[in-house]
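Open the model in your viewer and keep the selection tool at hand. Each stop below tells you what to pick and what you will find.

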Amino acid sequence: AITISGNYIQNIALTSTFAGNQWAPFYIAAGAANFTIGSSGNGNTIGATSGTANIVCTDNAVNTALAIQYFAGAILSTGTSTIAYNTVGGVTFNGSNTNAGKRKYGIYLDRGTLTFSNNTIGNTTGNNMILSPVTGAITYYIYVLGTCLGTTTVSDNTIQNLQNNAASGDFKALIALNQLTCNGNTFSGISSASSFAVYQSIISFEVAEAVVITSNVIKAVTFSHASSGIAIVYINNGTATVNCSTNIIGEYGTANDITLAGNNLHRGVYFDACGAITFNLNEVQNINVTSTGTNSRIIGVYAGSSCDGTNTFTNNQIDNFTCAGTGTYLIHSNYYIVEGFYLSGDGTNTYRSNTITDLAATTTSATADLWVIGIQFLGASGTITVEKNRITGLTHRGTIGTIAVKIAGVRSTADGNTNFYNNVIILDNGTNTNYMPIDGFFLVPTAGTGTHNFYHNTVKIAGTTSGTAIRSAWYSAAATGTYVLRNNIF
């Protein structure tokens with residue numbers, strides 16, 4: 001057993017031209033297990049609890065961990081270890097540009113059963129954790145906390161005031177490649193200027209294992225590159241289960257708390273390929289996409305075509321999105337610029353008691369068919385139940401012309417059976433006077449013989465209209481399937 005507590009590692013300038021692996025102040029070598037780094041009232045301090053540039057690392061290494069690196073050695077390590085109550089702050093990384101594909105970690109944990117809790121990465125001084133590889137054509141991978149293999153619990157940590165200045169490469173505050181429970185952490189004051197073709201994230205889970213992501217707070221986030229696409233939380237775990245509940249993405253009451261500048265598709269939560277999803281009591285809010293580019297879009301919660309299990313999305317709040325995109329690129333021709341929920345997978349899906357409000361397309365010069373949509377189902381062939389949801393405050397400033405701009409509470413091309421019960425949709429386009437077409441329900445099943453039930457829904461369409469700006473509470477543009485409407489108020 002190893003115990004490391006109450007130490008200070010400070011005032012270090014490290015310069016190296018070594019092209020191999022450059023390790024960390026704390027390095028637990030291969031084969032080690034059952035260790036403790038820090039404890040309540042007796043944690044370690046790496047760098048400084050305030051200020052910047054206490055530890056400066058300028059190196060050419062392929063993999064560098066700036067604080068703690070744990071490598072267990074055996075693939076099936078039985079070690080059970082704890083890293084807790086430590087502080088890492090005032091660290092500056094200045095890398096070289098001679099090694100492509102370099103991975104730079106604040107803390108890297110590899111194998112074993114690990115608990116990482118009550119640590120602080122980044123002190124209270126703004127941008128005190130600065131990750132700045134020099135400008136060049138090299139792709140860097142900047143991971144503040146990386147976990148790989150074994151089982152890891154990451155709980156009650158604060159990861160804050162981080163700045164990634166790499167010109168090109170991936171950035172993730174937490175990336176996990178092992179079975180993970182991520183609970184009660186705060187991610188705050190994080191910015192990245194990097195360009196990367198795939199999604200940069202705050203939390204990213206990318207292995208076919210079960211994952212629990214609960215009660216985390218993500219706030220004060222900026223991704224400033226003009227082309228990068230962002231998924232604030234990204235999950236791709238094959239057919240394994242997902243519990244993503246009671247998280248807050250975007251601070252309540254703070255407009256534009258999360259700012260995304262890329263001319264790209266952005267997602268608050270992205271379920272790429274997953275098994276059974278439980279998404280309950282989350283808040284996804286106050287996201288502002290500033291790019292006026294033609295690819296600029298935002299979706300609150302996206303479940304992709306490989307999410308074919310039994311999925312439940314319940315009691316969530318999706319609100320206060322703005323997007324300035326003008327649009328020519330329609331991914332899968334699915335017509336959106338701002339959207340609350342999106343589903344294209346099959347399986348059994350339930351959307352219950354969610355509130356979707358204040359989603360806004362701010363452009364007046366749309367160049368393609370761009371819609372603001374509360375919930376969209378694209379071609380899903382399973383069974384979908386949508387009940388007790390409230391959709392209000394969707395607005396669009398686009399100009400009606402040769403293109404179709406529209407607001408829709410629900411847009412569905414689902415081919416399976418759908419059930420819409422006891423939903424409330426209130427749409428009027430706010431104070432805008434651009435005569436926007438509005439539909440409460442817009443239905444275009446593309447194939448199949450599914451039954452589509454609409455019971456006890458309330459739809460109110462208000463505001464002013466003119467000419468071809470048709471508005472309807474319920475609209476079907478297809479002859480396929482069976483429609484049953486009962487006891488609705490339109």
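This is a predicted model: local features need pLDDT of at least 70, side-chain atom pairs count only at pLDDT 80 or more; totals for chains, interfaces and linings use all residues.

**Stop 1: Ile202**

Select Ile202 in strand S21, residues 201–205. Its relative accessibility is 0%, so Ile202 counts as buried. Now show its surroundings. Leaving aside residues up to four places away in sequence, Ile202 touches Lys172, Ala173, Leu174, Phe187, Ile190, Ile218, Val221, Phe223, Ala231 and Ile232.

**Stop 2: Salt bridges**

How many salt bridges does the whole structure hold? The search finds 5.

Stay with Lys172, one of the contacts of Ile202. The Lys172 side chain meets that of Asp170 in a salt bridge, 3.3 Å from N to O. Both Lys172 and Asp170 are buried.

Next, select Arg352 and Glu387. Their side chains form a salt bridge at 2.8 Å, N to O. This pair links distant parts of the chain: Arg352 sits in strand S35 (residues 348–352) and Glu387 in strand S38 (residues 383–387), 35 residues apart. Are the two partners buried or partly exposed? Arg352 counts as partly exposed because its relative accessibility is 33%. Glu387, at 15%, counts as buried.

Move to Asp439 and Lys406. The closest N and O atoms of this salt bridge are 2.9 Å apart. Asp439 belongs to strand S43 (residues 438–443) and Lys406 to strand S40 (residues 406–412), so the pair links distant parts of the chain, 33 residues apart. Asp439 and Lys406 are both buried. For a network, select Asp170, Lys172 and Glu206: salt bridges with shared partners join these three.

Lys406 lies over the face of Trp371, 5.5 Å from the ring centre. For another charge over a ring, show Arg267 and Tyr270. Here Arg267 lies over the Tyr270 face, at 3.8 Å from the ring centre.

**Stop 3: Two loop residues with positive phi**

Go to Leu281, in the loop between strand S29 (277–280) and strand S30 (283–289). Leu281 is not a glycine, yet its phi is positive, near 60 degrees. With a relative accessible area of 47%, Leu281 is partly exposed.

Then pick Asn422, in the loop between strand S41 (417–421) and strand S42 (424–427). Asn422 also has a positive phi, about 55 degrees, without being a glycine. Its relative accessible area is 37%, so Asn422 is partly exposed.

**Stop 4: Aromatic pairs**

Colour the aromatic side chains. There are 20 aromatic pairs in the structure. Start with Phe341 and Tyr351. The ring centres are 5.3 Å apart and the planes stand at 80 degrees, so this pair is edge-to-face. Phe341 is in strand S34 (residues 338–343) and Tyr351 in strand S35, 10 residues apart. Phe341 is buried at 0% relative accessibility, and Tyr351 is buried at 1%.

What lies between Phe420 and Phe441? The distance between ring centres is 5.4 Å and the angle between planes is 70 degrees, so the pair is edge-to-face. Phe420 lies in strand S41 and Phe441 in strand S43, so the pair ties together parts 21 residues apart in sequence.

Technical notes: Residues are numbered from 1 along each chain as its sequence is written. Side-chain values use heavy atoms; hydrogens and water are left out. Helices (H or I, at least four residues) and strands (E, at least two) are DSSP runs, numbered from the N terminus. Buried means under 20% relative accessible area, exposed over 50%, partly exposed in between (1.4 Å probe, protein chains only). Contact means heavy atoms within 4.5 Å. A salt bridge is a side-chain nitrogen of Lys or Arg within 4 Å of a carboxyl oxygen of Asp or Glu. Rings of Phe, Tyr and Trp (its six-membered ring) pair if their centres lie within 6.5 Å; planes under 30 degrees apart count as stacked, over 60 as edge-to-face and the rest as tilted. A charge sits over a ring if NZ of Lys or CZ of Arg is within 6 Å of the ring centre and within 35 degrees of the ring normal.
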